[in-house]
Amino acid sequence: MIVGLEIDGAGTDPAAWRGAEVDPRAILTGELALRAVQRAEAAGIDFVTFVDALEAPDDVPDRVSVRLDALGLAARIAPLTERIGLLPTITVTHTEPFHVQASVATLDHVSGGRGGWVADVSSSAAAAAVIGRREPAPAADTWREARYVVDVSRRLWDSWEDDAIIRDASTGRYVDRERLHYVTFTSPTFSIKGPSIVPRPPQGHPVTAVRVNTPEALEAAADAELVLLPDSSDLPTQLNALVLVSVDARPHLDGVDRLVERIEGLAAAGADGVHLRPASLELDVPVIADELLPRLRERGLVGAADRGGSLRGRLGLGRPANRYAGSER
Amino acid sequence: MTKQIHLAAHFPGVNNTTVWSDPQAGSQIDFSSFRYLAETAERGTFDFFFLAEGLRLREVKGKIHDLDVVGRPESLTVLSALAAVTTHLGLAATVNSTFNEPYELAKRLSTLDHLSGGRAAWNVVTSWDAFTGENFRRGGYLDKADRYVRAQESLRIVRKLWNSWSEDQLVLDQAAGAFAREGAGAFADEGAHFDIRGRFGLPPSPQGRPVIIQAGDSEQGREFAASDADVIFSRHGTFEAGKTFYKDVKSRLSKYGRSEDSLKIMPAVTVVVADTDDEAIDKAAHIREQQVSGPTALVLAELLWGRDLSAYDPDGPLPAEDPVVGSSVTQGRVGYNDPFPIVAEWRAQAEAHGWSLRQTVINQQNRQTFIGSPATVAEAINHHVQEDAADGFVLVPHLTPSGLDDFVDRVVPLLRERGVFRDEYAGTTLRSNLGLQV
């Protein structure tokens with residue numbers, strides 16, 4: 001089983017930030033998230049996701065109503081970790097696709113091949129209003145556009161062949177431009193010429209995940225490599241992706257038995273893994289790390305904690321071939 | 001009063017200043033290179049580390065330019081990672097205001113400031129050309145005259161978002177269950193380019209407002225800097241040009257109610273250090289030869305002439321034709337508004353010295369700003385600053401990532417001995433280290 005962990009403020013419990021063990025300032029410095037990710041990594045958890053949205057969290061005075069940009073937070077954590085995958089949520093409805101792909105590629109570079117992203121959309125009126133460029137679109141439209149963004153991102157990651165940088169002093173050429181490719185991509189809402197500004201990421205393609213919260217998102221999941229399903233849903237059989245089920249976890253209150261049982265059940269049902277949503281980063285992640293993971297390991301459900309390598313390698317995904325390799329520019 | 005010098009490190013970029021072909025040259029992409037140079041700059045107690053931005057690969061005559069470094073990682077993501085491995089160094093990102101929305105910029109830059117404990121800076125640049133626009137939704141629609149209007153409005157809104165929380169709105173009262181006051185971060189703005197409203201989800205960052213850098217040199221750019229910037233990244237590194245620019249820009253500040261020390265002028269410069277002045281002169285000449293190969297000389301001449309010069313031999317004489325203004329032979333970099341006097345000067349110099357085209361380019365361009373022994377360089381840098389040709393410098397090394405090793409190890413100690421450069425960081429934020437008001 002693949003095991004992922006969600007980072008969201010002080011945890012998914014809206015009151016998690018109030019615990020005596022939490023310094024609420026550490027939410028804003030990134031220290032709370034860093035500590036959780038380091039604990040998760042030491043326990044052998046495969047990846048973390050970072051919750052984000054374009055718009056601010058709801059303005060509710062007794063909740064964590066602030067949020068750091070997930071991509072920045074993931075990058076801040078990258079040099080202080082070694083093995084765990086880092087997948088910030090990135091919304092694509094209003095941000096330029098060219099910037100999105102360049103940022104994710106850069107996260108892969110700075111993390112040494114542990115980068116990915118949870119591709120998400122902004123269908124809300126609140127998100128549209130902070131940008132002011134266009135009216136909010138229905139979820140079906142934003143997800144359709146998101147599929148184009150995922151597609152063009154992969155094309156742009158391929159727009160540099162792996163060996164494009166030749167540094168050939170004898171001819172004075174830094175790159176072989178025959179190994180750089182225009183993508184000349186057109187979709188109903190945007191077009192991009194390419195090539196990317198960032199050389200091909202270490203993993204070839206950083207890992208693309210989609211969180212399935214709506215039927216429209218399920219369609220887009222067809223393009224993802226990692227699909228995060230809500231706990232209530234039946235496991236889809238048609239997806240050509242790793243399917244993980246998001247499970248709320250508060251083992252500091254409930255113990256780990258029920259979680260072990262649940263994860264065994266998911267394994268039996270054919271899920272590829274579990275995406276744990278801890279109620280409190282400070283209270284639940286230590287229990288997940290110290291008790292849950294060893295129990296899963298005893299049962300042969302997870303691998304050794306100290307596996308290295310790229311995130312794709314860790315997840316059993318191959319390194320994708322470059323679609324343009326050997327073709328004409 | 002003795003002025004204190006400010007210093008910044010520029011990661012080697014995608015023009016021919018960067019000598020990628022040197023055996024010592026390392027990766028332009030690996031994080032280890034960024035980390036090495038940032039750690040070197042922090043060891044030298046530099047004010048900040050500077051990253052440029054790329055949005056389209058350069059082209060010459062319709063083909064991707066392959067003689068210089070090509071490509072780079074995205075700056076804010078690299079700087080967020082560097083925040084983890086540095087403690088005092090400012091982290092400056094060049095980010096275009098044309099192809100980003102103010103809300104996104106405010107969020108990403110404020111995040112960097114929070115994550116770095118108050119070390120973020122934004123170099124505000126603009127773009128208008130359709131060539132770059134081909135990679136973006138909004139394309140190249142923006143008129144050249146409009147680019148500073150949008151940039152200025154963008155910056156004004158970004159600052160408004162950074163100020164959208166008052167200090168007392170972040171409560172963090174765990175017992176009472178009050179994280180923030182209701183309504184914190186609410187904003188609305190309507191201008192020529194933007195009509196936005198909502199809530200900004202980040203309270204004031206450690207610096208309150210990240211440092212603003214501006215690099216434009218036009219009349220509009222200078223006014224923009226005088227009204228809005230904290231630092232100017234200028235191109236006027238020589239003594240006389242530096243003094244003229246310094247006086248011009250500083251004299252514009254009073255009409256915005258600003259003091260002269262509220263804007264730091266930091267020209268981009270190159271430095272060559274060796275044991276003796278003579279050795280440094282030889283070393284500088286060798287570096288310039290590395291920077292200007294025959295093919296590179298032709299491309300640089302094409303940029304100046306605005307013509308295809310591939311029929312010329314770089315080791316032969318200068319092209320006989322007149323330059324063309326506004327051509328698209330070279331795409332993705334700044335051309336010349338008035339190439340005629342420069343071409344005339346090149347011809348005069350080439351004739352006087354018997355130089356080939358390549359020799360002319362080597363001698364007329366890319367001449368390093370400061371060349372000499374550590375004592376000579378320290379003296380020159382201090383002279384420029386004390387005589388108001390600059391407040392400090394952005395050092396552009398020619399080698400990645402070791403290009404500032406000599407400067408930090410040999411010149412910085414001399415500046416410290418003179419009492420004109422810090423021994424250690426006085427403040428924790430970039431704004432305080434630059435001596436700017438919070």
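A: In this predicted model, 60% of the 329 residues of chain A count as buried. Chain A comprises 11 helices and 12 strands. Its radius of gyration is 20 Å, close to the 20 Å that the globule rule gives for 329 residues, so chain A is as compact as a globular protein of that length. Along the principal axes, the C-alpha atoms of chain A occupy a box of roughly 65 × 45 × 40 Å. Among contacts in chain A with a separation of 6 or more, 71% are made by residues 24 or more positions apart. Carbon and sulfur atoms hold 47% of the accessible surface of chain A, which comes to about 11700 Å².

Within chain A, eight strands close into a barrel in the order 1-2-3-4-9-10-11-12, with parallel pairing. On average, neighbouring strands of this sheet are turned by 30° against each other, direction ignored. One of the pairings links strand 1 (residues 2-7) and strand 2 (residues 47-50) of chain A, which run parallel and are joined by four bridges. There, A:Gly4 has A:Phe47 in strand 2 as its bridge partner.

Helix 6 (residues 139-158) of chain A lies across strand 4 (116-120) and strand 9 (207-211), running at about 155° to strand 4. Helix 9 (residues 257-268) of chain A lies across strand 11 (242-249) and strand 12 (273-278), and runs at about 160° to strand 11.

A:Ser65 lies in the loop between strand 2 and helix 3 (70-77) of chain A. With a relative accessible area of 1%, under the 20% cut-off, A:Ser65 is buried. Leaving aside residues up to four places away in sequence, A:Ser65 touches A:Pro57, A:Asp58 and A:Val60, together with B:Trp165, B:Phe179, B:Ala180, B:Arg199 and B:Gly201 of chain B.

Chain B also holds a closed barrel of eight strands, which runs 1-2-5-6-11-12-13-17 with parallel pairing. Neighbouring strands of this sheet are turned by 25° against each other on average, direction ignored. In chain B, strand 11 (residues 211-214) and strand 12 (residues 231-234) run parallel and are joined by two bridges, and B:Gln214 has B:Ile232 in strand 12 as its bridge partner. Helix 7 (residues 239-251) of chain B packs on the sheet, where it touches strand 12 and strand 13 (264-269) of chain B, and its direction makes about 150° with that of strand 13.

How values were computed. Residues are numbered from 1 along each chain as its sequence is written. Chains are lettered from A and ligands numbered from 1 in the order in which they are written. This is a predicted model: local features need pLDDT of at least 70, side-chain atom pairs count only at pLDDT 80 or more; totals for chains, interfaces and linings use all residues. Side-chain values use heavy atoms; hydrogens and water are left out. Two strands pair if DSSP finds at least two bridges between them. Axes are lines fitted to C-alpha atoms, for helices over the stretch in contact, and angles run from 0 to 180 degrees between N-to-C directions. Contact means heavy atoms within 4.5 Å. The radius of gyration is taken over C-alpha atoms; the globule rule is 2.2 Å times the number of residues to the power 0.38. Buried means under 20% relative accessible area, exposed over 50%, partly exposed in between (1.4 Å probe, protein chains only). Accessible areas come from the Shrake-Rupley method with a 1.4 Å probe; for residues, only the protein chains shown count as cover.
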